[in-house]
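Please read them with the sequence and the coordinates open alongside.

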Amino acid sequence: MELKGKTALIFGVANDRSIAWGIAQELHKAGCTVGFSYAGEALGKRVAPLAESIGSTFVEQCDVADDAQIERVFAAWKEKYGSLDILIHAVAFADRNDLKKEFYGTSRSGFHLAMDISVFSLIAMARCAAPLMEGRDGSILTLTYYGAEKVVKNYNVMGVAKAALEASVRYLAADFGPKGVRVNAISAGPIKTLAASGIGDFRAMLKHHEKTAPLQRNTTQEDVGRSALYLCSSLASGVTGEVLHVDCGYSIMSSPPANEEPEPTA
Ligand code: NAD
């Protein structure tokens, strides 16, 4: 797949394990010019060498909780490149305390925080990105998880946020479709990343996924990167408002499989 002459702005690389980094590498391999936005100064030190390794010259700090910072990044992008073809939103956050206890114990502030960083940020970014994409078959892609559809232990408020994110994908796809901009999500299987380390019992989740998924393995950064390349390319020209499961088939199975007892996790 060729993306020569195309540009992509990627939010959410924290380190080389980030799903966003897997996507960046695939887009780069396809010939796309890639730029990055990262959360904080400490992360900047990790993102800068990664960006350099694929020849990227756009690396901007942005706290997605702040509209002014988001607008500043897109203004800087417009100034440098004039237009945008691909936006990757791979950003999520929840208070760790809300990912350990029962869901009903979620605090009001924790609920707002998860929804703001993990959901509203997509809306805020999309409305900055869409005008730069008009007439260019633009593509916006976000990352979601199965916990949006079914109850996954410890995923709690993040599952509710992901359900809102998936609904937002459909509403944004309807808004921007007439302008030729597509909006989709990948529902990735569990992958060991910084964000995943905040989810209680994540190792047990990986083990269960590997055992249950039809492909009998865990999902990789590369699996997600390649599907992202498809969704952001003209191969997916007729696909919008979609949530594509890239999870080795886990989500088609009854869980746990009807003939097996779940393994003790402790
Ligand atoms: P990650 O920790 O590498 O990426 C999460 C990113 O969100 C980080 O770069 C972090 O800096 C950024 N972020 C958090 N708060 C921010 C803020 N206020 N402003 C700007 N950036 C902020 O972890 P990841 O697993 O690669 O997560 C990427 C996306 O994939 C997330 O939406 C996550 O929910 C989703 N996802 C992850 C998995 C998994 O198992 N790892 C599975 C399905 C979906």
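1. I23 is a residue of helix α1, which spans residues 19–29; helices here are DSSP runs of H or I of at least four residues, strands are runs of E of at least two, and both are numbered from the N terminus. With a relative accessibility of 0%, I23 counts as buried, where buried means under 20% relative accessible area, exposed means over 50% and partly exposed lies in between, computed with a 1.4 Å probe on protein chains only. Beyond its neighbours within four places in sequence, I23 is in contact with I88, L143, V224, G225 and A228, contact meaning heavy atoms within 4.5 Å.

2. Basis of the notes. This is a predicted model, in which local features need pLDDT of at least 70 and side-chain atom pairs count only at pLDDT 80 or more, whereas totals for chains, interfaces and linings use all residues. Residues are numbered from 1 along each chain as its sequence is written, and side-chain values use heavy atoms, with hydrogens and water left out.

3. The sheet. An open sheet is formed by 7 strands in the order β3-β2-β1-β4-β5-β6-β7, with parallel pairing; two strands pair if DSSP finds at least two bridges between them. Its edges are β3 (59–61) and β7 (243–246), each of which pairs on one side only. On average, neighbouring strands are turned by 20° against each other, direction ignored.

4. Helix α3 (residues 67–81) lies across β1 (7–11), β2 (33–38), β3 and β4, and runs at about 160° to β1; axes are lines fitted to C-alpha atoms, for helices over the stretch in contact, and angles between N-to-C directions run from 0 to 180 degrees. Helix α7 (residues 221–232) also packs on the sheet, where α7 touches β4, β5, β6 (182–188) and β7 and makes an angle of about 165° with the direction of β6.

5. Helix α4 and its two partners. Helix α4 (residues 108–133) packs against helix α5 (residues 156–176) at about 20°, with the axes 9 Å apart, so that α4 is roughly parallel to α5; angles under 35 degrees count as roughly parallel, over 145 as roughly antiparallel, 65 to 115 as roughly perpendicular and the rest as oblique. The residues of α4 that meet α5 include G110, F111, A114 and M115, and those of α5 include V157, M158, V160 and A161. Helices α3 and α4 pack at about 25°, with axes 10 Å apart, and are therefore roughly parallel as well. Their contact is made by D67, I70, E71, F74, W77 and K78 of α3 and by F120, A124, M125, C128, A129 and L132 of α4.

6. Cysteines. How many disulfides are there? The count is 0, where a disulfide is a pair of cysteine sulfur atoms within 2.5 Å. For C32, the closest cysteine sulfur is that of C232, at 8.4 Å, which is too far for a bond; C32 is buried, at a relative accessible area of 4%. C248 is likewise in no disulfide, the nearest cysteine sulfur being that of C232, 20 Å away, and at 8% relative accessibility C248 is counted as buried.
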